[in-house]
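Me: I would like to learn how to read a structure feature by feature. Please take me through this one.

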Amino acid sequence: VGLYRTELSFLVERKRPSRDALVHHYASVIGGSRGAPVTFRLLNADSTLEVDYLHAKREPNPALGKVGIRALLANEVVLRRQLQAILLAGADCDVQIAIPFLIDCGELRRVKEILFEERFELRKAGERFQDHVPVGVVIETPASLLGVRDLAAEADFLVLNLGSLQRYVLAADRQPGANEDPEPLHPFVLRAVTKVCQVAQEAKKPLSAFGASQFAPESLAYLVGAGLRHFCVPPSELRSTLKGLSAIDSRRASRSLRSALKSSCVAETQSLVAGYRHGYAGPS
């Protein structure tokens, strides 16, 4: 499970879920993975979800308010309970923790400190838990993008949230309707993705991405050209994503990306795609 969103347990009931309820839920996810690794993304809830113990009222600008790790650090009881549940559920399994909406290394260090404290408490109580859990960061805010080299030095792995990255970099909340074609990745966002791939490779840190399926098909080739090799996709989109990836020649994709990175706007990138099927393997 490349990325498991943990919001469900916090939305089905009005009250804060118990540690036992979280452990049971996470254990079922781990069981369903049949021994494969599972990456749990920590609770990522803004005030529109109306989780009363996280937000007393709806914020004027929820997307830029107490969301992700901001909300959790402001309510450490919730964070500590979730971390304990992951440690307990993953006692004999390969689990990881991804931190959403992170800004800088200070937030990463604080999560690591709390994780250390919770491991200490579990050890004192004589409970079985996973002692080594890699902690990674979700790159989605402009700040995390600008500081990606620092974050890569301290995180165990990196995850790109392509949808949020495009939204925040362009300062535009674009959500195509059901009858609209998916939007392409902006060339400036492609430059940012390329930088993250280079940093991850230099730091020798695992890198994955999610949200690729919400963009135009040619964007997948550009992402492969940038160096992305691990994609987290919803089960319903797995077959189509695999089909798209199988049609991509990585060398041609790299050449295509170099051309796309020179674009100064989306129109220029689209003209490249229209004139030549960049990155896609075709009959000779």
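**Reading the model**

Reply: Start just after helix α10, where G227 takes a positive phi of about 120°. Helices (H or I, at least four residues) and strands (E, at least two) are DSSP runs, numbered from the N terminus. This is a predicted model, in which local features need pLDDT of at least 70 and side-chain atom pairs count only at pLDDT 80 or more, while totals for chains, interfaces and linings use all residues. Residues are numbered from 1 along each chain as its sequence is written, and side-chain values use heavy atoms, with hydrogens and water left out.

Me: What does the pLDDT of the protein chain average?

Reply: pLDDT is the predictor's confidence in each residue, from 0 to 100. Here the protein chain averages 91, and 93% of the residues score at least 70. Over residues 275-284 pLDDT stays under 50. Where pLDDT is low, the predicted coordinates should not be read in detail.

Me: Why is helix α10 described as largely enclosed?

Reply: Buried means under 20% relative accessible area, exposed over 50%, and partly exposed in between (1.4 Å probe, protein chains only). Helix α10 covers residues 217-226, and nine of its ten residues are buried, so the rest of the structure largely encloses this helix. Among the buried residues are E218, Y222 and A226.

Me: How many disulfides does the search find?

Reply: A disulfide is a pair of cysteine sulfur atoms within 2.5 Å. The search of the whole structure finds zero. For C232, the nearest cysteine sulfur is that of C197, 13 Å away. C232 counts as buried because its relative accessibility is 14%, whereas C265, at 29%, counts as partly exposed.

Me: How many aromatic pairs are there?

Reply: Rings of Phe, Tyr and Trp (its six-membered ring) pair if their centres lie within 6.5 Å; planes under 30 degrees apart count as stacked, over 60 as edge-to-face and the rest as tilted. The count comes to three aromatic pairs. One of them joins Y26 and F40, a tilted pair at 5.0 Å centre to centre with 50° between the planes. Y26 sits in helix α2 (residues 19-32) and F40 in strand β2 (residues 38-41), 14 residues apart.

Me: Why is the pair of F101 and Y168 edge-to-face?

Reply: The ring centres of F101 and Y168 are 5.7 Å apart and the planes stand at 70°, so the pair is edge-to-face. F101 is buried at 4% relative accessible area, as is Y168 at 17%.

Me: Which element gives the most to the lining of the largest pocket?

Reply: On a 1 Å grid over the protein atoms alone, a pocket is an open set of points where a 1.4 Å probe fits, with protein on both sides within 12 Å along at least five of seven lines; lining residues have an atom within 4 Å of a point. Helix α8 gives the most, with five residues. The lining has 49 residues in total, of which L3, R5, R41, N161 and F210 lie nearest the pocket centre.

Me: Where is V133, and which residues does it touch?

Reply: V133 is in the loop between α5 and β4 (135-139). Contact means heavy atoms within 4.5 Å. Not counting residues up to four places away in sequence, V133 touches L87, V95, Q96, I97, L115 and D156.
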